[in-house]
Amino acid sequence: MQNELPYEQPLSELRQKIDELKRFGSEKGIDFSEEIARLEERYKKLEQEIYTNISPSQKMHLARHHQRPTTLDFISHIFTDFVELHGDRLFGDDLAIVGGIARLNGVPVTVIGHQRGKDTKDNIARFFGSPHPEGFRKALRLMYQADKFNRPIITLIDTKGAYPGNTAEQRGQAEAIARNLRDMAMLKVPIICVVIGEGGSGGALALGVGNRVLMLENAIYSVISPNGAASILWKDASKADQAAEAMKITAKDLLEMSVIEDIIPEPQGGAHKDVEATSLLLKEALTKHLNELLKMTPDELREDRYNKFRQIGQFQE
Amino acid sequence: MFKDLFQKKKKYATVPSVRDNHNRPKREIPEGIMNKCPKCGNIQYFKELEKNLKVCSECDHHMRLNAFERISMTLDDGRFFEYDSEMTSADPLNFPGYVEKLKQQHEKSGLHEAVITGEGTIGGFPVVMAVMSADFFTGSMGSVVGEKVTRAIEMAIQKQYPLIIFSTSGGARMQESILSLMQMAKTSAALGKLHESGGLYISVITDPTFGGITASFTMLGDIILAEPGAVVGFAGRRVIEQTIRQKLPDEFQTAEFNLKHGQIDMVVHRKDMKQTLAKLIDLHTVKGEVTHAE
């Protein structure tokens, strides 16, 4: 199976055996129903075992799965009346970030997210979801617009990181990210950020300064990709799995460190197995957190956001 | 020049002496007496070099400074009241080898962390200043750097002093993973408050400044200065060359390159830095008081 992940292999092997036995039975007219039932039982157990103990490095692969639902998938499943808006008014329209206005349960909100491509052509057009400065600046423009019209902001985070290119540098990649961090902190509307896939470094954080930061169960969020960390720390990018374990990048780790507020469960096997169900769970979480935030005044929202980030960090003195 | 005398020898064929090269120690410069410029190779007396603010007299290369040197060069009489001098890193992730590496870095640099914060005066104007030091953990930002810088910003707001940050950094501290990343948001949010309070923030870029530092407080200055030749960017040259599959020009990401591309305000020679800072602060004063807009 082309969509399976390495750790799912025992499952697909067993599934194959069951199918073979069924076929063989029906061809030869032999009744294997007892054996098949036993194997199905074992399959269920194995499934349980594999999917409840997904390691950090396995989650890394799951978060990058090419069939994992993207920002636009979630937008179409969760929101209504989505109108996509384009451009940063300075240089161009970066397709690695999409954004616009939509309704969540009938209430207008601004929704912005990183957008990976669905196929190679799409991926090239969208720089694999890695934004240039104009992407971050488009996002900030839409956030200011939301602030003006008192619309809550929802961001969906899914990027390996900001695009590391020469033109991105020339146009101020660092400045664009920095400004988003500073100005998002000052907005007076509720901001909810959800890491839906990979939250990679500054390019992810540039959409991540929210009152609430949530993560899908199998999403990861880290300061540098495990591959990058491995090549710097151990001069060996193939030790990415090892780095993934050491760097504490899973939703559970981040909840324990109070970096995020909530984990959104995914269907067994990951979000790509049932986009509909995942969307429903995400919508529930968004609704719940937004309802809480809507009770706060603009100043309280700002203070709440400031305090959330102000307390992050561990040190001795 | 000596060099000219020796060049005459080139007329003759020379047989490289393998034995000699192996046994003879590399021409080491006695430490503390002489110094070799890493850019042009010019050898000069250390004392002369220090008098010249560690700028090469031949090629004008600005050598890297540690935080102590920077402070003594910048503040009036080098007088400095340090904040949070005892703050040190924890090991929140139990990251393999982190504690040992921190100890090593402390022994090597004499610093507790990659930034020193505090206050002093420049040309008589009181300022809050944060100075990063690349000799501690390549100036990377973990929880301590984030917290100290944030407290310094909050102090600048409270005291209504101008804020000056000298940046140099390899980026975020991987060993603190997500907590390092979040320091970018923390320091930037604090700068949002400073910005809103009308306080002046001058950011000074020194060689090298990269990654999460550039993409947070470094690029948020009301005025951004850089030392000549300082290399500053978000992604490193090697990563970019791998991505775009071509060689980048030598001047890529230098202060001069960034000036040309509109990313910084001025390139300021080290000998003019203090004066420039004082002048800029002075331009923000009315009747001797540093203005706070609003």
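View 1. On the side of domain 1 of chain B that touches domain 2 of chain B, you will find three nonpolar residues, one polar and two charged. Here Ala, Val, Leu, Ile, Met, Phe, Trp, Tyr, Cys and Pro count as nonpolar, Asp, Glu, Lys and Arg as charged, and the others, Gly among them, as polar.

The reading notes for every view are these. Residues are numbered from 1 along each chain as its sequence is written, while chains are lettered from A and ligands numbered from 1 in the order in which they are written. In this predicted model, local features need pLDDT of at least 70, side-chain atom pairs count only at pLDDT 80 or more, and totals for chains, interfaces and linings use all residues; side-chain values use heavy atoms, with hydrogens and water left out.

**View 2. A salt bridge joins the two domains of chain B.** Look for B:Lys54 and B:Glu69, whose closest N and O atoms are 2.6 Å apart. A salt bridge is a side-chain nitrogen of Lys or Arg within 4 Å of a carboxyl oxygen of Asp or Glu. Domain 1 covers 33-63 and domain 2 covers 64-290 of chain B, with bounds from an automatic or database domain assignment. Together the domains bury about 730 Å², and carbon and sulfur atoms give 55% of that area. Buried area is the accessible area (1.4 Å probe) that two parts lose on being put together, summed over both. Within domain 1 of chain B, the residues that lose the most area to domain 2 of chain B are B:Leu53, B:His62 and B:Met63, together 72% of what that side buries.

**View 3. Chain B and chain A share an interface.** The two chains bury about 4500 Å² between them, with 68% of it on carbon and sulfur atoms. In contact (heavy atoms within 4.5 Å) are 56 residues of chain B and 48 residues of chain A. The interface holds five salt bridges. One of the salt bridges pairs A:Glu317 with B:Arg151, where the closest N and O atoms are 2.9 Å apart. By class, the side of chain B that touches chain A has 29 nonpolar, 18 polar and nine charged residues.

**View 4. Domain 1 and domain 2 of chain A touch as well.** In chain A, domain 1 spans 6-53 and domain 2 spans 60-311, and their C-alpha centres lie 39 Å apart. Five residues of domain 1 of chain A are in contact with four residues of domain 2 of chain A. About 420 Å² is buried between these domains, 48% of it from carbon and sulfur atoms. A:Tyr7, A:Glu8 and A:Tyr51 lose the most area on the domain 1 side, together 72% of what that side buries. A:Glu8 also forms a salt bridge with A:Lys273, the closest N and O atoms being 3.1 Å apart.
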